[in-house]
Amino acid sequence: MRRFLLVCLIVSATVAMSATATEPLESTLNDTIEQIEVTEARLSSMQQNRTVSSTFTGLRRFDDEHLDAAKDLAPLVPNLHIPDYGSRMTSSIYVRGLGARMDNPVVGMYIDGIGIANKNAFDIDFIDIRRADFYRGPQGTLFGRNTIGGMLSLRSLSAFDYQGTRASVGYANHNDADLRIAHYALAGDRVAIAATVNYHHTDGFFRNVYDNSLTDRADNAGARLKTEWSDRENSVSYSNMLSYNFVKQNGFPYHQVGMPVDHNDECSYLRHSLIEGFSFSMPIGQYTLQGTTSYQMLYDRMLMDQDYTRLSYFTLMQQQQEHFVSQELVFTTPTLTSTSGKTAWHSLSGIALSYKYNAMHAPVTFLSDGIDSLILKNANQGIVKAGFPEALKIELEEEQFVIDSRFRTHNLNVSAFHTSYLQWQRWQLEVGLRIDVEHARFNYVSDALIHYNIDYSGISRRPVNTSLNGLIPLTYAELIPRLAVSYNRPTWNIYASIAEGYKAGGFNNQLFSDILQNRMMNDMMSDMGVHFATTQDYKVSEVVTYMPERCLTFEVGSHFNHAIESNHTIKGGLTAYELEVFNQQLTTFPEHGTGRMMTNAGRSRSLGAEAALDYTFRHLRVSTTYGFTHATFVNYNNGKQDFAGNFVPYAPQHTASLGLTYTFSFDHDIVHNLALNVNSNAVGPIYWDEANSLKQNFYALLNANINLRMKYVTLQLWGKNLTNTRYDVFHFVSMSRHFLQSGKPIQFGGKILLNF
Amino acid sequence: MKVKLLLLLSLTLFFMFTSCEQPYEKEQSVHEGNFKGNVTVINGDGEGIDYVRNDVEAELTLNTERQGTCNVLLKKVSFSSKMPVTIDMTIAYIDIDQDGNLSGDSIVPWAGLFGEYPKYTIRNLKGKVSYDSEGSPLTLDIDMKCGEYPTKYIGTYIK
């Protein structure tokens, strides 16, 4: 902590000494940048056509309301829920009743036009994000796989729009320290360079009573270099972004109901992620060609005490290295207008190619309690039931053994899309179609070796070597259509749309420890001449593979933006929708096993409505959102229970937010204004299982921010969950035990922001 | 004298060759083989309901320790639908003659590596290996009382 403070002092002094007398560009930092042109063709099209429900957040709001990550944005978007649990690897996103806790997400994430390939890399600190747009509803026609719930687009601050230095130092309770430095400069008229670095430490909020350690202590750091070249006269631009992110943390502070966090083995997460993306835009005659090339690397390692208790059942290490390359090209036609001027047409077309290679090592170590309870207990019970004396007990020579699994996945995706926009007077028709072809190959090797004895029989050290290996291919093609019609007036519009999307299929590697555990037990018993009559054996390819989840959305909505008299502005949107989900992918936990598995559950339906309102009057701003989702299973029978009619778990039925900001302006050279903000976010109820037997009730959190803006410095005080509301963010069942993660308690802190 | 020595030598040689404990040489026999068939336990499920276990493989091997006997290994066999596991059960030291007739009584079978399985002591075993005209085995039929229940095995030669 002392070293951190010393570093902050040195940095602050250095920044102060190098500061120029440049006036900070206030307008650049204001929320009025919603009007700033978005250059990426698809995003620009979505902004202009207004047939998508969306939420915009600007840089000022990020600074003023302490919005540091996607999880902080969620309360501002109706029907969006990103619970904060587990670790930075966990980016479980729920929107309109759709969601996923593992593998593929329902929401895509783009940073400066580059799609982030792996959900594990979603949870990063937001540094100088100039604008964030969350588009709700399926965006698959333009953006492809894993956008059935929506798409989050982040645009970082460009040196073309702001030059100078921004730095901040913050400190909060639980020893939470945050340092950020960014410099923006022009090299001539055409070249802009932006460089940022950041570091964040927190001791976390939860203690593991087993050894009194900080169970969610975390350090993360990042750096970003963005270089842009622009010839605005000729409409040619190039942009290169290089971004690195590092996370090292303890994690998974799960506890049994009514008990504290209490586990004896390590739970941690380590991540290195790198994104390199190059984008260009150039005219070809009257047409425009844009392209993005990206390379992304992810290395992470998760360690988990998989029973989450102080007993020694089993531990998991999951280590992966992933490489991803992609190329996207988007071709935009000019707007062709009829001679009468009443009809116009333009279109977007594009192709995309991506390849992902993932190598994963995921050994599960069975420890003494796990061996006794999960392997020997079943085996010895079977022997007694068969009529043998109890004295003939099986024992393992090993006190612990490893089920070692290695996976290699190759994934190739090729797609093409086209969207036409036909305008007739105030009406617009949008028709689009995308075809995605995906081919994946999953190579698995899993094995274990144990030695067993049978008491009183003279049988000792008999080896049982169980192994599984194979190759599973998966190929599918998806057609993703979209149809939308809108009626547009200068200050309002109404629209209706029908769109499809899909969440990619894949392979459930987390089930392998369960598969091999069953096979090992069967192999051991068979070696003894005893065979289980009803085995829990699996046909690997059928159980491991899951197919794409498809979603069809019907949506009607309206946007409005009115200036009422002078000084009053009101803007917002209303939406109503129906989602039909086919082959829904649901995470389930095997009843007497470890890990998780994905199944195509059947069908579900979600009906809902959303409202967002932003009202400003002189120095007062009021923002409010509300989302309602009624998401239920149409049919889902897992072979043991029928869940038809039950609520889809983990998706909240209501989301709401209300924020009030009042700004006192001072006619002073040094002190400019004082902004007081209070806001509340609410969510719930959330059912924790398909049987709807447990739920988190509706709850609300109260937050506040005070910003005193001066010439070069802003002083900030902030607080979150000021009423210290107790709530749970996650629940699951493992080995017939119920586990929860609690929500974060009250947080408060201060920050100094410098703009030069 | 020479004749007596020669006679003595011959007798000595004769006794040498006949009195040595020669190991029982397992003759190449058509009686051995693997069969696949059904086990039927009369009233095995109670209330007059027979229990039938299909696709039970039986391995018949000549016993090298005791001439004139054989072992029958029933693989993955069960004797009631209530039995939660199947077992590999060996019935050893069954008498067998040159015509393939089997007989035995009060034989305690072995279950896997767990040793004797008194619960299923074999009584009044009668059986037959049938052959074709060339002496190759065709079928294996066994009638016995396995524990408390009359039990039949009928299998067809597979290898």
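How many bridges join strand β22 of chain A to β24(A), and do the two run parallel or antiparallel? In this predicted model, three bridges join them, and the two strands run antiparallel. Strand β22 covers residues 364-366 of chain A. Within this pairing, Phe366(A) stands opposite Phe401(A) of β24(A).

Strand β24 of chain A spans residues 401-424, and its other pairings may now be followed. One partner is strand β21 of chain A, which comprises residues 343-361. These two strands run antiparallel and are joined by 19 bridges. One pair may be located in the structure as an example: Gly350(A) has Phe417(A), a residue of β24(A), as its bridge partner.

A further partner of β24(A) is strand β25 of chain A, formed by residues 427-454. Here 21 bridges link the two strands, again in an antiparallel arrangement. The chain passes from β24(A) to β25(A) through a hairpin with two residues between the strands. In this turn lies Gln425(A), whose phi angle is positive, at about 50°.

The model as a whole has an ipTM of 0.76 and a pTM of 0.86. For chain B the average pLDDT is 82, and 81% of its residues score at least 70.

Conventions
Residues numbered from 1 in each chain as written. Chains lettered and ligands numbered in written order. Predicted model: local features only at pLDDT ≥ 70, side-chain atom pairs only at ≥ 80, totals over all residues. pLDDT = per-residue confidence, 0-100. Pairing = 2+ DSSP bridges. Helix = DSSP H or I, 4+ residues; strand = E, 2+ residues; numbered from the N terminus.
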